[in-house]
Structures are given as C-alpha cells and as structure tokens.
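Here are my notes on the model, point by point. Please read them with the structure open.

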Amino acid sequence: MAESSLQQPSLFSPYKMGRFNLSHRIVLAPMTRCRALNGIPQPANIEYYVQRATEGGFLITEGTIISPTGAGFPHVPGIYTQEQIDAWKKVVEAVHAKGSVIFCQLWHVGRASNQVYQPGGTASPISSTDNPISKRWKILMPDGSYGTYPRPRRLQTSEIPEIVGHYRQAAINAIQAGFDGIEIHGAHGYLIDQFLKDGINDRTDEYGGSIGNRCKFLIQVLQSVTTAIGPDRVGIRISPAIDHLDAMDSNPHNLGLAVIERLNKLQAELGEKLAYLHVTQPRYVAYGQTESGPHGSEDEEMRLMRSWKRAYVGTFICSGGFTRELGVEAMADGDADLVSYGRLFISNPDLVLRFKVNAPLNRYIRATFYTQDPVVGYTDYPFLGQDRRARL
C-alpha cells in the first residue's frame, strides 16, 4: 500500500494494485448499459467513461462479449472483431487522457440468453447444463419487452477448450485495444458461474460433481488468459453467495474458499499475483429487488466476505449495495482494499468528488438503465454545481 502501516486507509487514500498506482479506492463497477449499437462502442460510450474517469482512478467496463454466442442483452459491446477493437481504442485513449486505469470485463452469459441473440437467431444458448433458468427471471428482448429464458444446450466436454480459447483471444484483443487489463466475469449466474454452482452444474464429466471439478473451467480460463497477457493484468469477479438467475450453491462459503484456494495456488505457480479478486456480497440488488441469497443478517454477510478476504492473497475488491458510509466502514474495518460502485456511479459521474466532499447525490432512474438512448439516462446526469434536471 502507498500509505504507511500506521496510517489507516480510507476511500480517498492511494493504493498500489500491482503495477497500477491508484489515487483513491472508489472503483467504477462493470454495468451493462446497452448503448453499444450492434455490439460496437459509440461516441456516447467514450463520453460516458470519460465522465467517470479521474486522475489515478480505476474503471471496469461493462460486460463485453467474448464471442458471437455470448450476448444476452441488446446492444452490448463485444471484443472479438477488429471493428470492436478499433472502437474500444477510442474509449481507452480518452480515459487514459484523464489519467485513469481501465480494465475490460470479459463476459459470456451462457444460458442467460435467447435464440434471438445467438448466431443465426435460432441456436440454443450454451451452458454447463441443459436446464433453463426458471420463469422467476425474465430476459430483456431487443424490442424492449421481457421474455422467458429458453432451454440451453449442454456443452460437450470436447467443446470447452474452444470456449477457453475465446476468453484468451478476447484478452489479447483487449490489450490490443489499449486496455490496462481485463476482468473475467465469473459471477451473477453467467457462464462461468453456471459451472461453479452446484445448483446449476449437473454434469457428470470432469467439469461437474466435486467442487474441484466445478472450479476447473474457471481455472483453465485464468491459466490461458494469464499466460497470454500476464497475471497482473487479470482480475476475476465471483459471487458465491448470490442466487441471481438461479445461481444457487448448497455451500457458498466453501465454494468461495475453494475458488480462492485455487487462485492462490495459481498465483504461486505463476510466481506473480493476479490484479485482484472482485467479490459481490449478498446484499447485491438486481431488477430493483434485493437478492435474498441463502443467508440472513448483515453480520452473516460480512462474516462471509471477511473470511474470503482473509483467505485471498492479493487485492480484494468488494461490491454490492455499498453507500459512501458503508465504503468508509469497509476501509476502516479492513474488509476491502477497493470498493466498486454501480448504480451510484450511473447517476453521479463525479461520484469520487461527491464522496470526498460528502455532497448530495443525484438519484438514478432505473427505467433508463437499459435503453439505447445515447444521452438520456446515460451521459446527461449533472455534475456537482450544475443545474439538476427537473426529472431528478
């Protein structure tokens, strides 16, 4: 850490994350925004990220698709074609000009898709299983309506190395685009989480059954990606205790520890630490409703997070429902090295400044989270000192 051991870290104190010197510990969390028309980042994407960039700040992009089979929302960006790479270069260059570090989150939604998002518009989404997501959950369709998730196609054992290769190539592409690193999205019920959770993974091959087998796909992805671009440019996001999209596990605490044990082992084998571990805690909120998760009190939630932080050797990022006060508390209690913010960063492009001076926050408008408007609900939230829009 940049500060001495006698100085208590705060949200506003510097932090050394591997090769990256950060000036504060407030991170832009990855958030789907649906503004990359036809999968290509647009000028509005540049403005959005630049608005939230600060000198020495750390930004993580929205989930960015690694292959044509990976999408589950309309107009999400990809990183698997040269046109996408070239468009991302403009985003990265503008963010770097503001002095920020930026990682690209690599994403494959797995079964959390629909045929309409698949190549040709007819193929079934791929997953660890052939069981669909329950009707409790709805998928946003291209026309703005909500539909049900279809039955996915279970990946054959022989197909999995190809998917690992897609992550590897996407990581290489991200570095080509100028990103400082990448985050592997292994959370929230998407493809990697579909292998990790025993409530989804019903495989009988080497990728199913035991907790070690269920971790295998994730570790293979990390092994492949780290050898391609270097461990210190790779972060990983997990959510062992989140049941988003039916991603339930019978023992989230042990699952988290099992993943962390393997991350520590991988770091030891590589002789270098990963950039970070990013964990969503149980009070995560989706679709406007708090995820109940398998746990109860906030004390129990923090017990889980603290046990995982103590176990992990490296930078630990917390996310999930944090306010300024909770972030300050997490720093004071040593529960995190960095804290990522989502919805509050949507409506407050200058969130770092507002937190620093403890200024009032703009309210976010959930109805405009996933629209395709390049301005409304995206780049039109006011900065501190600007007139507030009437509808705020």
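Which helix gives the most to the lining of the second largest cavity? Helix 6 does, with three residues. The points below start there. Keep in mind that this is a predicted model.

1. **The second largest cavity.** The structure holds two cavities of 30 Å³ or more. Two helices each supply at least two of the lining residues: helix 4 (191-196) and helix 6 (252-270). By type, the lining splits into five nonpolar, three polar and two charged residues.

2. **The second largest pocket.** This pocket has a volume of about 230 Å³. It is lined by 14 residues, and those closest to its centre are Asn38, Gly39, Ala71, Val76 and Tyr80. Nine of the lining residues are nonpolar and five are polar. None is charged.

3. **Asparagine 38.** Asn38 is among the residues closest to the centre of that pocket. Asparagine 38 sits in the loop between strand 3 and helix 1. Its phi is positive, about 55 degrees, although the residue is not a glycine. With a relative accessible area of 68%, asparagine 38 is exposed.

4. **Cysteine 34.** Check this backbone too. Cysteine 34 is placed in the loop between strand 3 (26-28) and helix 1. Its phi is near 60 degrees, which is positive in a residue other than glycine. Is cysteine 34 buried or exposed? Cysteine 34 is buried, at a relative accessible area of 0%.

5. **Helix 2, length and end.** Helix 2 covers residues 82-97, 16 residues in total. From first C-alpha to last, helix 2 reaches 23 Å. That is close to the 22 Å expected at 1.5 Å a residue. Glycine 99 follows helix 2 and has a positive phi, near 90 degrees.

6. Which residues of helix 2 are buried? They are Gln84, Ile85, Ala87, Trp88, Val91, Val92 and Val95. Viewed down the axis of helix 2, these buried residues fall within an arc of 165 degrees, so they line one face of the helix. On the other side, Glu83, Lys90, Glu93 and Ala97 are exposed. The buried residues pack against helix 1 (43-51), strand 4 (58-65), strand 5 (101-107) and helix 3 (160-176).

7. **Serine 347.** This residue belongs to helix 9 (residues 343-347). Its relative accessibility is 0%, so serine 347 counts as buried. Leaving aside residues up to four places away in sequence, serine 347 touches Asn362, Arg363, Tyr364 and Tyr381. Take one of these contacts, tyrosine 364. Serine 347 and tyrosine 364 are 17 residues apart in sequence, yet their C-alpha atoms are 4.8 Å apart in space.

8. **Glutamate 300.** Helix 7 (residues 298-311) contains glutamate 300. How many residues separate glutamate 300 and proline 282 along the chain? They are 18 residues apart, with 9.4 Å between their C-alpha atoms. Glutamate 300 is partly exposed, with a relative accessible area of 24%.

Notes
Residues numbered from 1 in each chain as written. Predicted model: local features only at pLDDT ≥ 70, side-chain atom pairs only at ≥ 80, totals over all residues. Heavy atoms only, no water. Helix = DSSP H or I, 4+ residues; strand = E, 2+ residues; numbered from the N terminus. Expected span 1.5 Å × (residues − 1). Buried < 20%, exposed > 50% of the residue type's maximum accessible area, 1.4 Å probe, protein only. Arc of directions from axis to C-beta. Contact = heavy atoms within 4.5 Å. 1 Å grid on protein atoms, 1.4 Å probe; cavity = no way out; pocket = protein on both sides within 12 Å on 5 of 7 lines; lining within 4 Å. Points joined across faces, edges and corners; volume = space filled by probe spheres on them. Nonpolar A, V, L, I, M, F, W, Y, C, P; charged D, E, K, R; others polar.
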